[in-house]
Amino acid sequence: MNQNDLINTRNATMDEAREEMANLLEARPANYSLPQPLYNDPQMFRVDMEEVFQKEWLFVGMTSEVPNKGDYFTVEIGQNPVLVVRDADGSVNAFHNTCRHRGSRICTEHRGKVANLVCPYHQWTYDLKGNLLFAGTEMGDAFDMKEHGLKKAHTKTAGGFVFVCLAKNEPEGDFDEFLETLEEYMEPYDVENTKLAVESNMYEQANWKLVIENNRECYHCAGNHPELLNTLLEWDDTNDPRASDEFREHCAAQAAEWDAEGIPHEHRSFGPGLRNRIVRMPLKKGTHVMTLDGEAGCKKLLGRVKNPSLGSMRILHLPNSWNHMQSDHFIVFRVLPISAQESIVTTKWFVHKDAVEGVDYDVARLRQVWDATNEQDRILGEENQRGINSIGYQPGPYSETFEFGIVNFMEWYSETVQKNLKG
């Protein structure tokens, strides 16, 4: 079999996988979990990567991670290494982290600072806008430097969030409307004047969709997250069917405080399955932020915030992020797939840029609640994956009362994949 035959066989196999994916999603009852292959089959995982993670907008990090010219961080989106860098104009750009010479990764560290982007293999050199500056005289007189700049990834920023899209063309939809709202709602926190306090990366032996499903419901919280429930109220909205009158009264009292400080809080959502969602919710009465005792995590409040009891502004972005914005620090979460049954969950804690570690905040204290919660969720996700791998597994029903967030997620996932498969 020659090379062309091998490529044709590979393409035929993927075409079959795409057709199977479309059929499985078309036949799936709306309020049931997915068929087994969509959680554990390598071919279905490749379809997910090609139709979701290589076509949709993904959250990768915060602009304050690259505060100055030449600051960068890297991220692996499946087999696609990407680098995010601040250029001389102050813009944040994302590039495929692969040299135009022979494809080596250019930035090999997780984060750093550079004057130019220099490939360590043969020293091809690019400026911070991706233009090729140096390739050596060995390439010959006919070599066109302008044709060999770094390949850009689509990049958008709003409210300090950085999103990238690896598709050839940006996906259509209401993403820009979400970004306008995100900019408005993040204004009080002044993200450009924050800094990364600490970061964790947790390896989880579970399909990325199981990680998101677990996040989209708190049905499991009472039995698994004692540290989190010291401060977090399970309800995600005053319209939550489980919400009590006492909770609604608490929300109304907090809303009056938010209004007095000019803090936006109206629930906003965008896209199928509430794909992009912003909602500000109070924490338990008498608590300020998500620390173990509910007391301050950092002595310096963020931005123009004056009230330490702002609750938590929850920001959802499918397919790969949820976030908690609080008065003195905020926490962002990023999920990236590794394989059909492996994911990486990255958690980052941010504080005011002038806050001094050991004086204004203690890293261990900041991390305590979410380190415990992430580990608890890892175990739940991995046990979920093991059970799904069984020959005894069959899709089960979601509770429309307790698990409506998963129903929304599955609506978005199914609609998005089927749309992209047809496109």
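This is a predicted model: local features need pLDDT of at least 70, side-chain atom pairs count only at pLDDT 80 or more; totals for chains, interfaces and linings use all residues.
Modeller: Residues are numbered from 1 along each chain as its sequence is written. Local features need pLDDT of at least 70 and side-chain atom pairs 80 or more, while totals for chains, interfaces and linings use all residues.

Colleague: How many helices and strands does the protein chain have?
Modeller: Helices are DSSP runs of H or I with at least four residues, and strands are runs of E with at least two, numbered from the N terminus. Counted in this way, the protein chain has nine helices and 17 strands.

Colleague: What share of the residues in the protein chain is buried?
Modeller: A residue is buried when its relative accessible area is under 20% (1.4 Å probe, protein chains only). Of the 423 residues, the buried share is 53%.

Colleague: How much space lies in the largest pocket?
Modeller: On a 1 Å grid over the protein atoms alone, a pocket is an open set of points where a 1.4 Å probe fits, with protein on both sides within 12 Å along at least five of seven lines. The volume is the space filled by probe spheres set on the points. For the largest pocket this is about 280 Å³.

Colleague: Which residues are closest to the centre of the largest pocket?
Modeller: Lining residues have an atom within 4 Å of a point. There are 16 of them, and the closest to the centre are Leu210, Glu213, Glu217, Asn384 and Glu403.

Colleague: Which element gives the most to the lining of the largest pocket?
Modeller: Helix H5 (208-215) and helix H8 (363-388) each give two or more residues. With five residues, the top contributor is H8.

Technical notes
Side-chain values use heavy atoms; hydrogens and water are left out. Buried means under 20% relative accessible area, exposed over 50%, partly exposed in between (1.4 Å probe, protein chains only).
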